[in-house]
Amino acid sequence: LDEALSRRSYDGIRRDYARLTGASALVELFIKAAPEREPCEELFLLLTHALAAIEESPSIGLDFGIQAIVNGVVARLLRWAGVRPATETCRGGCGLGCQDLGDSTVVATSIADAAWFCPNCREKLGPGPDGAIRVFELESLALAMHDRLLQLPVRALHAAGAQPPSLLPFLEALAVYHLPGMERSGLKTFSYLKSATLGAKPIIA
């Protein structure tokens, strides 16, 4: 490569700390997730749309708009990698769906297979391929929001509404477990975002 031309400088991101925080978190994640020395146009386009959405968002500070964009883009990245939480019904076999639970009902999710178990079926949660039981607790509302974010265009994610506090830590836990190249400690740039959405209850046994 002898020459490169900048097509968009994202000055709006560089001048705003909240936007820079959200953008930095996504860039770090995409660097970890992208295959080495292989072209990946789909990921490149997703990241450029995400950065544009952050720059153009009417959000003020680290509000729900920036959080929604980050959550929605991370969910899309996981889906690209073949990881999508089975949000429709409880994996315990009781037949309950998210819509049958109250928004504040806490469900247990298996990080290994990205499935959730209602309070009555939690005891059926088994170990992952490595023999460890990795459980992540979050509100059923977070699973519903996850699906809503995947239905919205990237440029419209900022309008998704209030983000459940446990959704971002849950998505990061899925990324750490399922994406090659991710460190167990997670992503450094996610720390500030997670502090703004505190409330998740990760349990690793």
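A114 sits in the loop between β1 (106-110) and β2 (115-117); helices (H or I, at least four residues) and strands (E, at least two) are DSSP runs, numbered from the N terminus. Phi of A114 is positive, near 55 degrees, even though the residue is not glycine. Most residues other than glycine have a negative phi. With a relative accessible area of 5%, A114 counts as buried (buried means under 20% relative accessible area, exposed over 50%, and partly exposed in between, using a 1.4 Å probe and protein chains only).

R37 is another non-glycine residue with a positive phi, about 55 degrees. You'll find R37 in the loop between α2 (17-33) and α3 (41-56). R37 counts as exposed, because its relative accessibility is 85%.

## What kind of model this is

This is a predicted model, in which local features need pLDDT of at least 70 and side-chain atom pairs count only at pLDDT 80 or more, while totals for chains, interfaces and linings use all residues. Residues are numbered from 1 along each chain as its sequence is written, and side-chain values use heavy atoms, with hydrogens and water left out.

The protein averages a pLDDT of 84, and 86% of the residues score at least 70; pLDDT is the predictor's confidence in each residue, from 0 to 100. Among the elements, α3 has the highest mean pLDDT (94), and strand β4 (residues 201-204) the lowest (41). Over residues 198-205, pLDDT stays under 50, and the model has 19 contacts beyond four places in sequence for them (a contact means heavy atoms within 4.5 Å).

## The overall layout

How many helices and strands are there? The secondary structure comes to 7 helices and 4 strands.

Of the 205 residues in the protein, 48% are buried. Among contacts between residues at least 6 apart in sequence, 73% join residues at least 24 apart. The protein exposes about 10,700 Å², with carbon and sulfur atoms supplying 54% of that; accessible areas come from the Shrake-Rupley method with a 1.4 Å probe, and for residues only the protein chains shown count as cover.

The largest nonpolar core has 61 residues. Such a core is a set of buried Ala, Val, Leu, Ile, Met, Phe, Trp, Tyr and Cys residues joined through side-chain atoms within 4.5 Å. Those with the most contacts inside this core are L26, L29, V73, V74, L78, W116 and F170. Helix α4 (residues 64-80) gives the most to the core, with 9 residues. Leaving out residues up to four places away in sequence, L26 touches L47, A50, I54, V70, V73 and V74.

Helix α4 is mostly covered, with 14 of its 17 residues buried. After α4 comes G82, with a positive phi near 90 degrees.

## Cysteines

A disulfide is a pair of cysteine sulfur atoms within 2.5 Å, and by this rule the count comes to 0. For C90, the nearest cysteine sulfur is that of C94, 3.8 Å away. For C121, the nearest is that of C118, at 3.7 Å. C90 is buried at a relative accessible area of 5%, and C121 is buried at 4%.
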